[in-house]
Amino acid sequence: MQKNYRTRIAKTGLPPGSLVHVGERHTEQPLLSLMVYNEQVVKEKTLTVIEECRGFQEQEEAVTWIHVEGLHDIGLMEQLGALYHLHPLTLEDILYTDQRPKMEDFGNYIYIVLKDFSLPPEAGGPLLPEQISIVFGPHFLISFQEKQSPLMEPIRERIRAARGRIRKAGADYLAYTIIDAIIDQYFILLEKLGENIESMEDQLVTRPGRDTLLAIQNIKREMIYLRRSVWPLREAVSSLQRTDSPLMDAATDLYLKDVYDHTIQIIDTVETYRDMLSGMLDIYLSSVSNRLNEVMKVLTIIATIFMPLTFLAGVYGMNFKYMPELEWHWGYFMVWGIMISVALSMLHYFRRKNWL
Amino acid sequence: MQKNYRTRIAKTGLPPGSLVHVGERHTEQPLLSLMVYNEQVVKEKTLTVIEECRGFQEQEEAVTWIHVEGLHDIGLMEQLGALYHLHPLTLEDILYTDQRPKMEDFGNYIYIVLKDFSLPPEAGGPLLPEQISIVFGPHFLISFQEKQSPLMEPIRERIRAARGRIRKAGADYLAYTIIDAIIDQYFILLEKLGENIESMEDQLVTRPGRDTLLAIQNIKREMIYLRRSVWPLREAVSSLQRTDSPLMDAATDLYLKDVYDHTIQIIDTVETYRDMLSGMLDIYLSSVSNRLNEVMKVLTIIATIFMPLTFLAGVYGMNFKYMPELEWHWGYFMVWGIMISVALSMLHYFRRKNWL
Amino acid sequence: MQKNYRTRIAKTGLPPGSLVHVGERHTEQPLLSLMVYNEQVVKEKTLTVIEECRGFQEQEEAVTWIHVEGLHDIGLMEQLGALYHLHPLTLEDILYTDQRPKMEDFGNYIYIVLKDFSLPPEAGGPLLPEQISIVFGPHFLISFQEKQSPLMEPIRERIRAARGRIRKAGADYLAYTIIDAIIDQYFILLEKLGENIESMEDQLVTRPGRDTLLAIQNIKREMIYLRRSVWPLREAVSSLQRTDSPLMDAATDLYLKDVYDHTIQIIDTVETYRDMLSGMLDIYLSSVSNRLNEVMKVLTIIATIFMPLTFLAGVYGMNFKYMPELEWHWGYFMVWGIMISVALSMLHYFRRKNWL
Amino acid sequence: MQKNYRTRIAKTGLPPGSLVHVGERHTEQPLLSLMVYNEQVVKEKTLTVIEECRGFQEQEEAVTWIHVEGLHDIGLMEQLGALYHLHPLTLEDILYTDQRPKMEDFGNYIYIVLKDFSLPPEAGGPLLPEQISIVFGPHFLISFQEKQSPLMEPIRERIRAARGRIRKAGADYLAYTIIDAIIDQYFILLEKLGENIESMEDQLVTRPGRDTLLAIQNIKREMIYLRRSVWPLREAVSSLQRTDSPLMDAATDLYLKDVYDHTIQIIDTVETYRDMLSGMLDIYLSSVSNRLNEVMKVLTIIATIFMPLTFLAGVYGMNFKYMPELEWHWGYFMVWGIMISVALSMLHYFRRKNWL
Amino acid sequence: MQKNYRTRIAKTGLPPGSLVHVGERHTEQPLLSLMVYNEQVVKEKTLTVIEECRGFQEQEEAVTWIHVEGLHDIGLMEQLGALYHLHPLTLEDILYTDQRPKMEDFGNYIYIVLKDFSLPPEAGGPLLPEQISIVFGPHFLISFQEKQSPLMEPIRERIRAARGRIRKAGADYLAYTIIDAIIDQYFILLEKLGENIESMEDQLVTRPGRDTLLAIQNIKREMIYLRRSVWPLREAVSSLQRTDSPLMDAATDLYLKDVYDHTIQIIDTVETYRDMLSGMLDIYLSSVSNRLNEVMKVLTIIATIFMPLTFLAGVYGMNFKYMPELEWHWGYFMVWGIMISVALSMLHYFRRKNWL
């Protein structure tokens, strides 16, 4: 079970806007990387103190992108918040890593929370969620990530190489690009889960067992978590698309529509997997019943053949003084004959009943 | 399982609008067929280079229909896109053959994606989806299909023979005609699936087995896929009907309403089949239980009859010195009599309990 | 299974508006009955050629009602369509007898499709649907029925006798009257189905069997079909009520509200029946389990009593040289004593466990 | 099964507005009680002829409340309808006692139908529904009830004693008071049903049986009926609250909001009971499986212990000439020793498997 | 079962607005604590008579917070109601402790009802609900609680210490703070329930039994109650956020949005738990079937091995005069040989069938 409610408790009783980082501490030192670009130039820098941002903040003709990996340095967060005039609740939400995906328009900036899931190192474990927060204004974008990961590298590469529209467009397009990259991760995740489902399906047909059931239930639970994150994701993308904030360029709309279509496709796939898992559960349960049927048939066949025979043998094992058959010379063989014909007719009966 | 998520991964990390054909390569060489018609004349041509379209493109008094079979020639796509001013995202969607059915209004043209399903060559296999894209503007329509098929032939025939309104109407009516033809395919598909369901129902009553269960689950899964495609289809047709684009002629509205009614009828049928399949699953499961009951009755009847008899025989097989019955002259026959009456009364009991 | 998709295929590939009658041919010759009435007079006539309508068509101060029984004479349909300026799609829908109930406003007339269900001649068969189409304009109403039936007779009777408002009101009130008559048929149908459900319930308690299950599933399926027809019926009546067409008189509104309440009541009853059938299925399945339990108890009781006894008998059937009990004079009777007390204590145990 | 559809059939084929009383005839003679009150005075009278109302009808400064118990006197109904200008459809609905709860605004009066349920005299029987109709205008309110009951007595008492706002308020407040009184009945009913559910729950844990199942299904069905009546009740109260009819005083709004909250609470309770009954069904079914498991364990333990023993006894019952063990002096006791150790090791095995 | 309907009955037949306290009497004497604060000062007092409030009531520049613990003193309630002009229905709702969470705008004040759940003292018991009512106007807030508890202490502490915005903001912010504190309780509750679910999951895998089933059903029921309270809670918070009452400061909106997000998160968790409990029920049921299978396998293996052997022993226990095998010197050992090879081949067969 993912214990996402736990973290909440650390904050109970504090006034709203209190900055408490709830979540695991993944890195020693938060990593800040700065990128400033426009159509002509790109500048990159790894920051050590937040003050270094200050120069870039006023550049109107360029996009300033600050990417933060690691959330536990609250002082740094407060400085960033002060520099870009972020609302205390935004900072609180960034630090409290158990948000539902959502989009909020604060007027001077837009705040977006997303979830990125990665597969666990060992098979069968729960999915590992990571919260990605994006804050963007007219000429800046700050993205927050819980731990260091190569997630943003392809985007940086694209900016450096000036591939696509990215260098010509504003911070809203950069936000779109990040969202798109995260949503692409869902497709990869779903492929892996789909492969697991497939292999479980094969197992279900060849050798169903209790562990198959537990595996199905496990993936079902992961689906519940994914679903819980994907539906609000769709909502968030949709409200980002429909917002009339001046921060969103009309040209970005079509791209967001595209991302929105992808979220619907992800939801579709998640729902399809859920339906398939239900079907697999039905197959499992009926295969358990089928095996019981088979076991009982074996028992019944054996009992039905040997009980009459044992009875017959018992009859001629009785010690009555006067039992004429016992005196007959061929009596013993006759009894064998009767026994064999009883057994054969039983077998014939079972074959007709299609039990053999 | 249809691996529709796979294809998505090929595109991960690329900027939007990158043209990558995801899907199988069905033909050696894309096939382009051109048709230009108005009320008076029809001209037909098979194109080899895209430049041959150029002359027709300006004809205001006729409808130019370019039909493309095979999507893997990206250069050709780019030329077509440039010629008709298609948005990069439209081209991307045409090539990425895992879209949900949808309709998008780009102002100067309308873009529609549909799915056409065909039955697999061998029974029990998954349905084969094909993506059909339609782009139409004031005087042109371009349709895209993944592989060569006779799907469009009846429409061409109708244009050649000037049957119905088609030669008098515009590109929007042609779009309607293509959509209608594809939706008719669904009816044929549903008939086939309905026949399968019927034959499975018969099988369920006469000789239910594990393969019946798997067959039911198979069709159930196909229904999940169909459903996933039919609901957005309805939406797409509905938004095409309600659009206030000047590209749609008011006279075509009634026809689209008709197509819309058909999509609802398809959804109805799909839902009905789903309900029927659930009912069949219930019957299957209860027939498994019933058979278990029957097996257990046979076992119980046999055991209940022969256990007392064997016991009796065992009693008179004991070697006690003093057992008066053994000395009686008719003892043996008396025991047979007792045994037969025990057996008969047991049979009577079972008949009264309705087990025989 | 009702093969309503079959009929669709006959039309595949034809241009829209092509008149093809899909459905069974129920009568030799379509029957046309004409009725012209206003507050003062009633005229009735059975038509042979459509031209005879022409005179009546212009009468502004009366309602002209043409009732057509039998749909297969396409020429006749085309003449009627031409006479009353019906849209080709309306004619197509009238002939294609697999429509969902709907209401369409064509401006100069309103088109309504309804389904009338009748019980099959033999018990357990599927419900027989019949499509009733109604077209009405300012001073005329044409109704279409697939086969001859006395469905309309009570309405004609009411017109002749001038009972109620009907002779004073217009074509819209006549349409209401016909819809009301058809919806009354649903109540009769539901009563019959309710009686079947009741008798199945009794059967379920007294002697449940595999045929009970099949009967429940049968009615369940009929319910699926009814439902499929009743929900759009509600929608059709509702949009008829809410329409702002000048063809509908405000005074008819209250009556349509009444009919609308009836459709909701029918839906309520259908849903209630569905819930009851689900409950019956649960009872059936648990009664199967219960019977298995009972069978197993009988087996267990018999086995548990006779196995120890047979063992005891077997012990004293052994041929050891030295077995002191065998020599005892009362040994045999002692063994009987032990056997009987074992049997009795077993019976006591089962009684305490509530198995007897 | 409540045969509410039956009654409908009596009316099939009649023109709308035909007054037919459908429902049981509960009283010999309809009972009319008249109450006229304002802040200063209260007058009460039991009417014999409808004409006696006439005087009171014009009183503008008082509320005239006519309460009718027993609906079968159609003449009386027509006189009342004529006196207060009721629409024929209202009268029809009052008499046809199988309405869904609803509220209809006829301009000069508001018509409300409600259902009052009472518990059946014998346990396990179906709930007894009674239809209460309320018609109120600017200065009058007429309420109709199928049979005589003390339902309205507390309200009359409150009017006589001038408790609360009732004597100061108008007919709309009286209507609210009656609705409130009826909804209070639901709470009493739900308490009784809740007690039944509780006692069934206890029974389920201590001694579940087939009758428990039938009792659960019985209450489940009653819940279906209650639900069917409560949801439209909510709707009716809601539309009464939201109506902009001048007949409703703004001050009554808050009270109706209160009643509305009560209907939601009733719905909540009904849904909760449904969920609990489903849970009980699950427990029942699993307890049936559990008992089967237990029965089978007893059988298996007995068989597993005695089959090897009986086999051993059988071996030494064989009559071979040369069987050395038989000659041993302690052979017999040795065999007993073997038998007892086999039995004990079996018991040990079962204890380890947790079957004992 | 929580008997929330019971309490309702005490009020049946009373006019609306009658003050009857329904609920348990938790304290001897209601406890009133008064707190008056603004940015500069805080005054605290424990009240004995309600008159002491009067002075504070007029203070426009401060927030007056009266917290009432214990609801049974109706006289006190009436005085409070008179002092702050509360509507009789508000007082009635405060006293009737079985409300659904809701928010009502009375113009001069806003009334909010919430539920606070606490875990029962002993494990497995039902959750203990407590009703918290909040009434706030421009400069005052009155909160009502059924029993004494430290729920409000952290808020008072925050006011005293002037932590966060609370001293600078108005009564609406105080209301938000109280709601937030109550909703935090849900997170703690859900954590406890989540731990229970986890431990039940472990139990389900290691040693499932009937008590596991009952425990699952118990938590499922608690979930039904929680759900019933959480959904209207969301609604109440949402309508508080969306209200255009002048009592709500725009600055509080963002905080309410935050609380609203929390309610959605609670709903999400509750729904996730429900899904998990359903999955656990499936696992439980299938583990019951699995165990039956196992029991039956043991029985079948034993029976299948020993029945043929016992039969063989029976054969050579027959007393025929002429049975050649009996005379053979090695006959006895040969039979043992046959018996052992039969047993071994049976064991081999079961091993191949994967039953061992």
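Predicted model: local features only at pLDDT ≥ 70, side-chain atom pairs only at ≥ 80, totals over all residues.

**Entry 1: helices 8 and 10 of chain B**

I first looked up the handedness of one helix pair, and found that helix 8 of chain B crosses helix 10 of chain B in a right-handed manner. I call a crossing right-handed if the near helix is turned clockwise from the far one by less than a right angle, and left-handed if anticlockwise. Helices here are DSSP runs of H or I of at least four residues, strands are runs of E of at least two, and both are numbered from the N terminus.

Residues are numbered from 1 along each chain as its sequence is written, and chains are lettered from A and ligands numbered from 1 in the order in which they are written.

The packing angle between helix 8 and helix 10 (residues 331–352) of chain B is about 160°, and their axes are 10 Å apart. Helix 8 of chain B is therefore roughly antiparallel to helix 10 of chain B. Axes are lines fitted to C-alpha atoms, for helices over the stretch in contact, and angles run from 0 to 180 degrees between N-to-C directions. Angles under 35 degrees count as roughly parallel, over 145 as roughly antiparallel, 65 to 115 as roughly perpendicular and the rest as oblique.

I then listed the contact residues, taking two residues as in contact if their C-beta atoms, placed from the backbone, lie within 7 Å. Helix 8 of chain B contributes Ile301(B), Thr304(B), Ile305(B), Pro308(B), Leu309(B) and Leu312(B). Among the residues they meet in helix 10 of chain B are Val335(B), Ile338(B), Met339(B) and Phe350(B). Nonpolar covers Ala, Val, Leu, Ile, Met, Phe, Trp, Tyr, Cys and Pro; charged covers Asp, Glu, Lys and Arg; the others, Gly among them, are polar.

**Entry 2: helices 6 and 8 of chain C**

In chain C I looked up helix 6 (residues 171–206) and helix 8 (residues 250–315), which pack at about 15° with axes 10 Å apart. These two helices of chain C are therefore roughly parallel to each other. Their crossing is left-handed. The contact of helix 6 with helix 8 of chain C holds 19 nonpolar, 4 polar and 3 charged residues.

**Entry 3: chain B against chain C**

How many residues does each chain give to the contact? I find 51 from chain B and 46 from chain C. On the side of chain B, helix 5 (153–161), helix 6 (171–206) and helix 8 (250–315) each give two or more residues. Helix 8 of chain B has the largest share, with 31 residues. By class, this side of chain B has 22 nonpolar, 16 polar and 13 charged residues.

I next superposed the two chains by least squares on the C-alpha atoms of residues with pLDDT of at least 70 in both.

**Entry 4: chain D against chain E**

Here 51 residues of chain D contact 46 residues of chain E. Helix 8 of chain D gives the most to the side of chain D that touches chain E, with 31 residues. The superposition of chain D on chain E takes a rotation of 72° with 0.1 Å of shift along its axis, at an RMSD of 0.1 Å. That is the relation of a five-fold axis. In chain D, the C-alpha nearest the axis belongs to Gly317(D), 4.4 Å from it.

**Entry 5: the sheets of chains A and E**

Chain A holds an open sheet of 7 strands in the order 2-1-3-7-6-5-4, with mixed pairing; two strands pair if DSSP finds at least two bridges between them. Strand 2 (42–47) and strand 4 (102–105) of chain A stand at the edges with a single partner strand each, so one side of each lacks a neighbour in the sheet. Neighbouring strands are turned by 15° against each other on average, direction ignored. Strand 5 (residues 110–118) and strand 6 (residues 128–136) of chain A run antiparallel and are joined by 9 bridges. Val113(A) stands opposite Ser133(A) in strand 6 of chain A.

In chain E, 4 bridges join strand 4 to strand 5 (residues 110–118), and these strands run antiparallel. Lys102(E) stands opposite Val113(E) in strand 5 of chain E.
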